[in-house]
Amino acid sequence: MQIPQLQMRSQLGQIAINTNNAKQFISQRQADLTIQQPQAELKIQTKPSKLTIDQSKAWEDMNLMGILRRTEKIAAQGKQEVMNGIARRARQGNQLMKIEHQSNPIQQQSIANAYEHYKSLGIMFIPSTFAVQTNYQPSEIDITVIRNEPIIRAKVNQPQISYQPGDVEISLKQQPELDIWLEA
(Lines give C-alpha, C1' and ligand atoms only; values in the text may rest on other atoms or scores of the structure.)
Protein backbone atom coordinates (compact mmCIF):
# COMPACT_ATOMS: atom_id res chain seq x y z
CA MET A 1 0.00 0.00 0.00
CA GLN A 2 1.15 3.33 -0.81
CA ILE A 3 0.66 6.27 1.44
CA PRO A 4 -0.11 9.50 -0.25
CA GLN A 5 2.64 12.05 0.13
CA LEU A 6 2.21 15.69 0.48
CA GLN A 7 4.56 17.46 -1.92
CA MET A 8 5.58 21.14 -1.66
CA ARG A 9 7.46 23.34 -3.97
CA SER A 10 8.24 26.94 -3.09
CA GLN A 11 9.79 29.75 -4.92
CA LEU A 12 11.15 32.73 -3.00
CA GLY A 13 10.03 36.19 -3.86
CA GLN A 14 12.69 38.60 -5.15
CA ILE A 15 12.75 42.33 -4.77
CA ALA A 16 14.39 44.59 -7.34
CA ILE A 17 15.89 47.85 -6.09
CA ASN A 18 16.98 50.52 -8.61
CA THR A 19 18.72 53.60 -7.26
CA ASN A 20 19.51 56.85 -8.97
CA ASN A 21 22.26 58.64 -7.05
CA ALA A 22 21.70 62.18 -5.86
CA LYS A 23 23.70 64.85 -7.70
CA GLN A 24 25.11 67.92 -6.07
CA PHE A 25 27.03 70.68 -7.87
CA ILE A 26 28.83 73.44 -5.92
CA SER A 27 30.59 76.32 -7.64
CA GLN A 28 31.89 79.51 -6.16
CA ARG A 29 33.44 82.46 -7.93
CA GLN A 30 36.66 83.80 -6.52
CA ALA A 31 36.33 86.64 -4.05
CA ASP A 32 36.53 90.17 -5.45
CA LEU A 33 39.70 91.63 -3.95
CA THR A 34 41.00 95.18 -4.31
CA ILE A 35 44.23 96.34 -2.71
CA GLN A 36 45.40 99.96 -2.69
CA GLN A 37 48.71 101.06 -1.25
CA PRO A 38 48.93 104.80 -0.60
CA GLN A 39 52.43 106.12 -1.08
CA ALA A 40 54.52 106.65 2.02
CA GLU A 41 55.15 110.23 3.04
CA LEU A 42 58.85 111.02 3.01
CA LYS A 43 60.22 114.25 4.45
CA ILE A 44 63.89 115.13 4.22
CA GLN A 45 65.21 118.21 5.99
CA THR A 46 68.82 119.19 5.49
CA LYS A 47 70.89 121.63 7.47
CA PRO A 48 73.71 122.60 5.09
CA SER A 49 77.31 122.05 6.00
CA LYS A 50 79.43 125.05 6.93
CA LEU A 51 83.10 125.60 6.13
CA THR A 52 84.92 128.62 7.55
CA ILE A 53 88.47 129.47 6.54
CA ASP A 54 90.36 132.11 8.52
CA GLN A 55 93.54 133.14 6.72
CA SER A 56 94.11 136.45 8.50
CA LYS A 57 97.18 135.00 10.32
CA ALA A 58 98.67 133.90 7.00
CA TRP A 59 98.14 137.40 5.56
CA GLU A 60 99.81 138.88 8.65
CA ASP A 61 102.79 136.55 8.25
CA MET A 62 103.23 137.82 4.69
CA ASN A 63 102.87 141.41 5.95
CA LEU A 64 99.66 141.87 3.96
CA MET A 65 97.14 143.08 6.51
CA GLY A 66 94.58 145.80 6.91
CA ILE A 67 95.56 149.27 8.13
CA LEU A 68 93.88 148.84 11.51
CA ARG A 69 95.67 145.57 12.19
CA ARG A 70 98.99 146.99 10.96
CA THR A 71 98.58 149.96 13.32
CA GLU A 72 97.82 147.64 16.24
CA LYS A 73 100.87 145.51 15.43
CA ILE A 74 103.25 148.48 15.12
CA ALA A 75 101.87 149.98 18.35
CA ALA A 76 102.41 146.66 20.16
CA GLN A 77 106.00 146.43 18.82
CA GLY A 78 106.68 150.02 19.89
CA LYS A 79 105.32 149.38 23.36
CA GLN A 80 107.45 146.25 23.66
CA GLU A 81 110.57 148.15 22.56
CA VAL A 82 109.87 150.92 25.12
CA MET A 83 109.50 148.30 27.84
CA ASN A 84 112.76 146.63 26.72
CA GLY A 85 114.49 150.04 26.81
CA ILE A 86 113.19 150.79 30.31
CA ALA A 87 114.31 147.37 31.50
CA ARG A 88 117.78 147.83 29.94
CA ARG A 89 118.23 151.27 31.52
CA ALA A 90 117.10 150.01 34.92
CA ARG A 91 119.47 147.06 34.68
CA GLN A 92 122.39 149.30 33.64
CA GLY A 93 121.54 151.78 36.44
CA ASN A 94 121.70 148.98 38.98
CA GLN A 95 125.09 147.93 37.61
CA LEU A 96 126.37 151.52 37.94
CA MET A 97 125.10 151.70 41.54
CA LYS A 98 127.20 148.65 42.35
CA ILE A 99 130.40 149.92 40.73
CA GLU A 100 132.33 149.29 43.92
CA HIS A 101 132.16 145.50 43.46
CA GLN A 102 135.32 145.24 41.43
CA SER A 103 133.55 145.24 38.06
CA ASN A 104 133.81 147.58 35.14
CA PRO A 105 130.17 148.33 34.21
CA ILE A 106 130.98 151.43 32.16
CA GLN A 107 133.14 149.48 29.71
CA GLN A 108 130.62 146.65 29.45
CA GLN A 109 127.71 149.00 28.88
CA SER A 110 129.66 151.00 26.28
CA ILE A 111 130.34 147.82 24.26
CA ALA A 112 126.73 146.66 24.57
CA ASN A 113 125.29 150.06 23.53
CA ALA A 114 127.81 150.74 20.72
CA TYR A 115 126.97 147.88 18.41
CA GLU A 116 123.61 146.83 17.13
CA HIS A 117 122.71 143.21 17.46
CA TYR A 118 122.88 141.18 14.31
CA LYS A 119 119.68 139.67 13.09
CA SER A 120 119.67 135.91 13.06
CA LEU A 121 119.72 134.22 9.72
CA GLY A 122 117.54 131.26 9.21
CA ILE A 123 114.87 129.84 7.07
CA MET A 124 111.50 131.36 7.80
CA PHE A 125 108.42 129.82 6.33
CA ILE A 126 105.98 132.42 5.16
CA PRO A 127 103.23 131.97 6.11
CA SER A 128 103.95 130.08 9.32
CA THR A 129 102.77 126.54 9.79
CA PHE A 130 99.05 126.20 10.56
CA ALA A 131 98.47 129.89 9.81
CA VAL A 132 95.28 129.12 7.91
CA GLN A 133 92.56 128.01 10.32
CA THR A 134 89.73 125.88 8.98
CA ASN A 135 86.55 124.81 10.69
CA TYR A 136 84.06 122.41 9.15
CA GLN A 137 80.61 121.56 10.45
CA PRO A 138 79.08 118.66 8.50
CA SER A 139 75.52 118.86 7.27
CA GLU A 140 72.71 117.30 9.25
CA ILE A 141 70.00 115.31 7.53
CA ASP A 142 66.69 114.50 9.19
CA ILE A 143 64.63 111.85 7.36
CA THR A 144 61.04 111.20 8.44
CA VAL A 145 59.00 108.40 6.89
CA ILE A 146 55.26 108.03 7.52
CA ARG A 147 54.12 104.61 6.37
CA ASN A 148 50.53 104.36 5.14
CA GLU A 149 48.73 101.09 5.68
CA PRO A 150 47.39 99.27 2.61
CA ILE A 151 43.63 99.45 1.99
CA ILE A 152 42.29 95.94 1.38
CA ARG A 153 38.67 95.34 0.35
CA ALA A 154 37.41 91.78 -0.05
CA LYS A 155 33.91 90.80 -1.22
CA VAL A 156 33.05 87.17 -0.73
CA ASN A 157 30.87 85.67 -3.48
CA GLN A 158 28.32 83.19 -2.19
CA PRO A 159 28.61 79.61 -3.42
CA GLN A 160 26.07 78.41 -6.01
CA ILE A 161 24.66 75.07 -5.00
CA SER A 162 22.58 72.85 -7.29
CA TYR A 163 21.09 69.68 -5.82
CA GLN A 164 19.20 66.95 -7.63
CA PRO A 165 17.77 64.45 -5.15
CA GLY A 166 18.34 60.76 -5.62
CA ASP A 167 15.63 58.21 -6.32
CA VAL A 168 15.02 54.64 -5.14
CA GLU A 169 12.60 52.37 -7.05
CA ILE A 170 11.59 49.14 -5.39
CA SER A 171 9.70 46.52 -7.38
CA LEU A 172 8.88 42.83 -7.14
CA LYS A 173 11.13 41.02 -9.51
CA GLN A 174 9.81 37.50 -8.83
CA GLN A 175 6.54 36.62 -7.18
CA PRO A 176 6.75 34.23 -4.25
CA GLU A 177 5.04 30.97 -4.98
CA LEU A 178 4.09 27.97 -2.92
CA ASP A 179 2.61 24.88 -4.64
CA ILE A 180 1.30 22.09 -2.49
CA TRP A 181 -0.10 18.85 -3.99
CA LEU A 182 -0.81 15.36 -2.97
CA GLU A 183 0.91 12.57 -4.70
CA ALA A 184 -0.38 9.10 -4.45
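**Exercise 1. In this predicted model, how are H2 and H3 oriented to each other?**

Solution. H2 and H3 are roughly antiparallel to each other. The steps are as follows.

- Two packed helices are described by the angle between their axes and the distance between the axes.
- For helix H2 (residues 67–97) and helix H3 (residues 105–114), the axes cross at roughly 160° and come within 9 Å.
- Angles over 145 degrees count as roughly antiparallel, and therefore H2 and H3 fall under that term.
- The crossing in which H2 passes H3 is left-handed.

**Exercise 2. Which residues of H2 and H3 meet?**

Solution. H2 contributes Arg88, Gln92, Gln95 and Leu96. Their counterparts in H3 are Pro105, Ile106, Gln109 and Asn113. Sorted by type, the residues of this contact of H2 with H3 are three nonpolar, four polar and one charged.

**Exercise 3. Is Glu60 buried or exposed, and which residues does Glu60 touch?**

Solution. Start with the position: Glu60 lies in helix H1 (residues 56–61). Its relative accessible area is 18%. Buried means under 20%, so Glu60 is buried. Not counting residues up to four places away in sequence, Glu60 touches Met65, Arg69 and Lys73. With Arg69, the side chain of Glu60 forms a polar contact of 2.7 Å.

**Exercise 4. What is the relative accessible area of Trp59, and where is Trp59 found?**

Solution. Trp59 is found in helix H1. The relative accessible area of Trp59 is 37%, so Trp59 is partly exposed. Leaving aside neighbours within four places in sequence, Trp59 contacts Leu64 and Met65. Ile126 is 67 residues from Trp59 along the chain, and their C-alpha atoms are separated by 9.3 Å.

Definitions and conventions
Residues numbered from 1 in each chain as written. Predicted model: local features only at pLDDT ≥ 70, side-chain atom pairs only at ≥ 80, totals over all residues. Heavy atoms only, no water. Helix = DSSP H or I, 4+ residues; strand = E, 2+ residues; numbered from the N terminus. Buried < 20%, exposed > 50% of the residue type's maximum accessible area, 1.4 Å probe, protein only. Polar contact = N/O pair within 3.5 Å; in protein donor to acceptor, adjacent residues only side chain to side chain. Contact = heavy atoms within 4.5 Å. Axes fitted to C-alpha atoms, helices over the stretch in contact; angles between N-to-C directions. Parallel < 35°, antiparallel > 145°, perpendicular 65-115°, else oblique. Left-handed = near helix turned anticlockwise from the far one by under 90°. Nonpolar A, V, L, I, M, F, W, Y, C, P; charged D, E, K, R; others polar.
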